[in-house]
Every structure is written in structure tokens, then in C-alpha cells.
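Here's a quick tour for anyone meeting this fold for the first time.

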Amino acid sequence: MVIALVIAICFIYIEVVVNPIILNIAEAQVDSLGTTAVSDAIFEVINNENVSYNDLVTITYDDDNTVSSIVANMEKLNHLAREVSTKAQILLDEMADKTVKVNLGAFTGFEAFAQYGPKINLSLMPIGSVITTFDSIFETAGINQTKHSIYVDVNTMISVVLPTSTKKITFVTSALVCECVIVGKVPDISYL
């Protein structure tokens with residue numbers, strides 16, 4: 001009975017005290033690895049596709065050379081989103097070969113000791129999903145000038161399965177794809 005009680009107390013201690021510390025350490029490392037993988041995917045796809053503003057957006061002008069509409073090239077945007085998602089997923093899947101390093105002191109359950117002791121490698125089983133979206137932002141850039149920026153946002157969710165527990169980690173990585181300053185017509189100003 002005493003042995004069963006000691007085992008139960010050990011399991012409760014590990015679950016309540018040790019697991020949160022290990023998961024926080026793992027979360028920080030996985031967040032860093034995941035952000036790097038997604039950033040690499042975005043850079044590689046945008047670099048390979050050689051994307052320019054005119055590839056993604058068509059600006060239509062009126063007869064008096066005033067901007068009448070801005071139309072997104074949905075085919076090209078969807079292609080980029082698919083390529084970024086695919087490449088990011090490949091790089092995230094490669095994280096399975098990586099390990100999370102946790103100091104032995106973390107297993108004591110005291111955060112003060114979490115940075116001490118030899119490092120123990122815990123294997124990752126990253127199970128993730130990637131959703132890619134685009135943001136179109138218009139900002140004032142001067143008198144009758146507007147800066148139009150297009151960003152790619154990669155929403156990533158990774159479930160990290162460690163020997164002691166599982167945790168879902170979500171993060172968003174954004175990168176500027178292209179931007180353009182659109183010059184409008186300067187109004188006539190009469191001075192009195």
C-alpha cells in the first residue's frame with residue numbers, strides 16, 4: 001500500500017510540477033525552430049518565384065490617370081500560398097529529427113534549478129498544420145501618395161509529443177512580399 005502511494009505521489013508530482021516546466025522549455029525551443037523553418041520557407045518560395053508587385057496586383061486607371069481600382073491576381077496569390085504552405089510543412093516535418101534539450105534540473109520541479117545539470121535530449125514528434133493567408137495594407141506615404149504592402153502570414157500549429165505530455169503550440173510568422181507607392185492626383189490649391 002505504501003509503495004502504491006509513493007508511486008501515485010511521484011506521478012502526481014511529475015504531472016503537476018515537472019511537466020509544466022518541461023513543456024515551457026520545449027515550447028520555447030519548438031517556437032524558435034518552427035519560426036525559423038517557416039521563415040526559411042517564405043524566403044525560399046518568394047526568392048524562387050521572383051515575385052514582384054505587378055505579378056500580384058493590377059492597378060486600373062481612369063481616363064484622367066486617377067486610380068480607379070486595384071485588383072489582386074488570385075491565381076498567383078493562391079499559387080504562392082500553396083507553395084509556402086507546402087515548403088513550410090516539409091521543413092516542419094524535418095523537425096522530427098531534432099531534439100529538445102532539457103537540463104536535468106528541470107526534472108526536480110523547481111524553476112530555479114531548470115538551467116542546471118547535464119542536458120537530456122527529448123525527441124520531438126511534431127504534428128503540425130500550416131495555413132497561409134495574405135494581408136494587404138494601405139498606408140499614407142505623403143500628399144496623395146499611398147503605400148500598398150502585401151504580407152504573407154503563415155499560421156502554424158504544432159503539437160509536440162514529449163514522453164511526459166503533449167502540448168499544442170501556435171504561432172504566426174509574417175513577411176513582406178512586395179510593396180508599391182501609388183501616386184494620386186495632387187489637387188489644385190488656391191491661396192486667398
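## Strands and helices

S5 and strand S6 (residues 145–161) run antiparallel to each other, paired over 15 bridges; two strands pair if DSSP finds at least two bridges between them. Helices (H or I, at least four residues) and strands (E, at least two) are DSSP runs, numbered from the N terminus. The model is predicted, so local features need pLDDT of at least 70 and side-chain atom pairs pLDDT 80 or more, while totals for chains, interfaces and linings use all residues. Residues are numbered from 1 along each chain as its sequence is written, and side-chain values use heavy atoms, leaving out hydrogens and water.

Back to the strands: Met157 in S6 is the bridge partner of Ser129. The open sheet has 3 strands in the order S5-S6-S7, with antiparallel pairing. Strand S5 (127–142) and strand S7 (166–183) sit at the edges with a single partner strand each, so one side of each has no neighbour in the sheet.

There's a hairpin too: S1 and S2 have 5 residues between them, and Asn65 in the turn has a positive phi of about 65°.

| Pair | Bridges |
|---|---|
| S1 (residues 57–61) and S2 (residues 67–72) | 5 bridges |
| S5 and S6 (residues 145–161) | 15 bridges |

Now the helices. H1 (residues 2–49) and H3 (residues 74–93) pack at about 140°, their axes 8 Å apart. Axes are lines fitted to C-alpha atoms, for helices over the stretch in contact (heavy atoms within 4.5 Å), and angles run from 0 to 180 degrees between N-to-C directions.
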